[in-house]
Amino acid sequence: MEKVEEIIDLGSFDERFYAIVGRGDENLKLFSQLFGVKVLARGTEILIRGEEQKVRNMSNFIREMMREFAKGPLSSAEVRDRAKAFVKGVSEITMPDSEEVILITHKRKAIVPKTENQKKYVKAIKENDVVFGIGPAGTGKTYLAMAMALAHLKEKKVSKIILTRPAVEAGEKLGYLPGTIAEKVDPYLRPLYDALYDMVDYDKAAYMLERNIIEIAPLAFMRGRTLNDAFIILDEAQNSTREQMKMFLTRIGFGSKVVITGDITQIDLPRKEESGLVEAIHVLANVEGISFVKFGQEDVVRHPVVARIIRAYEDYEKKQSAGKEKGKRSKSQVSQ
């Protein structure tokens, strides 16, 4: 198995450094045994070398200790006890079938598809260039797409991740918000940040965002670009216009994979505007390399009340539609 290496700088030879490293590097020797990696101290840096997952576990532990020191001092013995508990926690994770695991997060949580439609969705992303995930909130459309994007990046199948979504009110209200363009559109992109930070620790996410390995931008910023060797997620696509959807789909370059998510029951566009997602469902239904996966209330993985809310709205809308249809028939009979 391929070996990887990671370096963590503890900053200075202070109380924190000696508590983590231990007297005569005794803690590092223990860490090597516990985590199954090679650990060395070079100045204020700790070098970790070994199998990727083991190196990640070790680096996550060191960073966790650094965060703990920000709250208050720890002794060398306490750090050793924390290391033993940490390794025990990792080993006690009940891992699903390894073929189903998409990603292990920095919190040591295995992300796997939980429903049949989610499994179809993940399989479709693996096998197709463009995948549409369509369904109600809470069905894992965006979350699983983010996990697949990070897995592709980790496996070097792509060189960057691009996350985008329409800013529906950009034409009218964004100008009144304070700050730069990036700060104005940030509220619209916040759900994408939330998913990212749930899977990757803050420091690593910040590094990838700073280096543009992960790029988050409103849909309007995609115009004129060709997106090569990237995993691209278009979220909330039901709020894209026909022109925006066509523009976005024609940005796809070589070596790229695209996932488009949306809920056609929650379109926020002005009434005269037709949703680009709704049109794409009809236009692209039989195009090779494009797959559509539809989710229902049975796929909701949020709080159980969310599924009940969705069901209640669906029942209400059916009754409304039935009432309107009955009214039309009554008017038709009267006119005759």
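Reader: What is the bridge partner of K38 in strand 3?
Author: R49. Keep in mind that this is a predicted model.

Reader: In which sense do strand 2 and strand 3 pair, parallel or antiparallel?
Author: Antiparallel, over 5 bridges. Strand 2 covers residues 38-42.

Reader: How many residues sit between the strands in that hairpin?
Author: The hairpin of strand 2 and strand 3 has 2 residues between its strands. G43 takes a positive phi there, near 65°.

Reader: And how many bridges link strand 1 and strand 3?
Author: There are 7, again with antiparallel pairing. Strand 1 spans residues 3-9 and strand 3 spans residues 45-51. One of the bridges joins I8 to I46 in strand 3.

Reader: Moving on. Where is R56?
Author: In helix 3, which runs over residues 52-71.

Reader: Buried or exposed?
Author: R56 counts as buried, because its relative accessibility is 15% and the cut-off for buried is under 20%.

Reader: Which side chain does the R56 side chain make a polar contact with?
Author: That of Q53, at 2.7 Å.

Reader: Now the open sheet. What is the strand order?
Author: The order is 8-7-9-10-6-11. These 6 strands pair in parallel.

Reader: Which strands stand at the edges?
Author: Strand 8 and strand 11, the latter at residues 290-294. Each has a single partner strand, so one side of each has no neighbour in the sheet.

Reader: By how much are neighbouring strands turned against each other?
Author: By 15° on average, ignoring direction.

Reader: How many bridges pair strand 7 and strand 8?
Author: 5, in the parallel sense. I162 stands opposite E215 of strand 8.

Reader: What does helix 5 touch when it packs on the sheet?
Author: Helix 5 touches strand 6, strand 9, strand 10 and strand 11. Its direction makes about 165° with that of strand 11.

Reader: And which strands does helix 9 lie across?
Author: Helix 9, residues 242-249, lies across strand 6, strand 7, strand 9 and strand 10. It runs at about 160° to strand 10.

Reader: On to packing. How many residues has the largest nonpolar core?
Author: It has 36. Those with the most contacts inside it are I102, Y121, L150, L163, M199, I214 and F231.

Reader: Which element gives the most to this core?
Author: Helix 6, with 9 residues. Others that supply at least two residues each include helix 5, helix 7, strand 7 and strand 8.

Reader: What is I214 in contact with, leaving aside neighbours within four places in sequence?
Author: L150, I161, L163, L196, M208 and L209.

Reader: How many residues are in the other core?
Author: The other core has 25 residues and lies apart from the largest one. Among them are F17, F35, I46 and A83.

Reader: Back to helix 6. Why call it largely enclosed?
Author: Because 12 of its 14 residues are buried, helix 6 is largely enclosed by the rest of the structure. The buried ones include K141, H152 and L150.

Reader: What span should helix 6 have, at 1.5 Å a residue?
Author: Its 14 residues should span 20 Å. The end C-alpha atoms are 20 Å apart, which agrees.

Notes. Residues are numbered from 1 along each chain as its sequence is written. This is a predicted model: local features need pLDDT of at least 70, side-chain atom pairs count only at pLDDT 80 or more; totals for chains, interfaces and linings use all residues. Side-chain values use heavy atoms; hydrogens and water are left out. Helices (H or I, at least four residues) and strands (E, at least two) are DSSP runs, numbered from the N terminus. Buried means under 20% relative accessible area, exposed over 50%, partly exposed in between (1.4 Å probe, protein chains only). A polar contact is a pair of N or O atoms within 3.5 Å; within protein, one must be able to donate a hydrogen and the other to accept it, and residues adjacent in sequence count only if both atoms are side-chain atoms. A nonpolar core is a set of buried Ala, Val, Leu, Ile, Met, Phe, Trp, Tyr and Cys residues joined through side-chain atoms within 4.5 Å. Contact means heavy atoms within 4.5 Å. Two strands pair if DSSP finds at least two bridges between them. Axes are lines fitted to C-alpha atoms, for helices over the stretch in contact, and angles run from 0 to 180 degrees between N-to-C directions. The expected span of a helix is 1.5 Å times one less than its number of residues.
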